[in-house]
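Have your viewer ready, with selection and distance tools at hand.

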Amino acid sequence: AACPSGPGPSAKRSRADAMGPSRPRALPSEADSGMPRVTLRSPSGEACVVFTHGAHVASWTDADGGENLFTSEAAVFKPPKALRGGVPVCWPQFGGVGDLQAHGFARNSEWAVKVQTDDQVVMTLKSNDETRAMWPHDFELQLTVKLGGSGSAASATSGVLKTTLAVLNTGDAPFSFTAALHTYFGVADIAKTRVLGLKGVPYHDGNVPDKSALAGRKRFDGDDADTINFDGEFDRIYCGAPDWLTIEDEAGGRAIGVEKHGLPDAVVWNPHVAKSARMGDFGDDEWKRMVCVEPAAVENAVELKPGAAWTGQQVIKVMPIDAKRTGFP
């Protein structure tokens, strides 16, 4: 059953005003928004809010109530509009890589709660007349959201959020798709934020048009810089990216590790000034406090035969700023 509780309208402070996570964005109540949600809680005091609309993770707070993700203060909580922030599920299309609406329809659809425990929820979306009108295939999606980690992905039970997307072809014909877990991370100051792990990785640059390339983005062989820094609009699809990436939130005094499985690519995005001003559900200055690092399968579409299944996963770990960069401690 969905639970209407979640981060309330606590006193706001920006990440620039304090080290570490920010206060969570106040989410509208279920009564006010008409949007059911599940609130997960871990034994260590962390909390995670997942809306059934889009199976959308909108908030992940630590034991002190600090927010690890970013959701815009201008986000529209009115289905079928997708939420700006958190972890949108992009499926069966990433961005404009295809003929469907941008980022597909999974993030705009109503999912069902299949299983819920204190620290985990499984939501499902099955093909129906509405999805078939947009995309003529039969499928079942399952998104599992879990607080804490286990196995090789994480040795600690706190400071970890795991999201797993599973796709099953329930039809009698093959289909292909692209996908991403479009995660928005909150940072204290984008000018003091770096992304590590993508040196020399080929990428398609959304700021350099090329009609003959993927989604109209020119392809480059990779950069020699050890880190990605943000001094303007940044919009790249990195192809064949390592399965471990690190966000250094220097002004926030922490690092965020992103471990991915089954999602070979990684998208890095920050809209900066001009694009922020063009987005109606994003504050003009909010680009200073966020960065998207998105495990994805974009360059080569995933192909599924009838009865076949696919799984993609991201495991996010909040770490000290000087933590090792090759995997979870």
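The tour visits a sheet and then a single residue.

A word on the ground rules: this is a predicted model, in which local features need pLDDT of at least 70 and side-chain atom pairs count only at pLDDT 80 or more, while totals for chains, interfaces and linings use all residues. Residues are numbered from 1 along each chain as its sequence is written, and side-chain values use heavy atoms, with hydrogens and water left out.

**Stop 1: the sheet.** Show the cartoon and find the open sheet of 3 strands, ordered β1-β2-β3 with antiparallel pairing. Strands are DSSP runs of E, at least two residues, numbered from the N terminus; two of them pair if DSSP finds at least two bridges between them. Select 37–41 for β1, which is an edge strand, as is β3: each pairs on one side only. From one strand to the next, the twist averages 15°, an angle between N-to-C directions of axes fitted to C-alpha atoms, on a scale from 0 to 180 degrees.

**Stop 2: a strand pair.** Select residues 47–51, strand β2, which is joined to β3 in the antiparallel sense over 5 bridges. Then pick C48: opposite stands W60 in β3.

**Stop 3: T71.** Go to the loop between β3 (56–61) and β4 (89–90), where T71 is found. Is T71 buried or exposed? T71 counts as buried because its relative accessibility is 10%; the cut-off for buried is under 20% relative accessible area, with a 1.4 Å probe and protein chains only.

Terms used. Helix = DSSP H or I, 4+ residues; strand = E, 2+ residues; numbered from the N terminus. Buried < 20%, exposed > 50% of the residue type's maximum accessible area, 1.4 Å probe, protein only.
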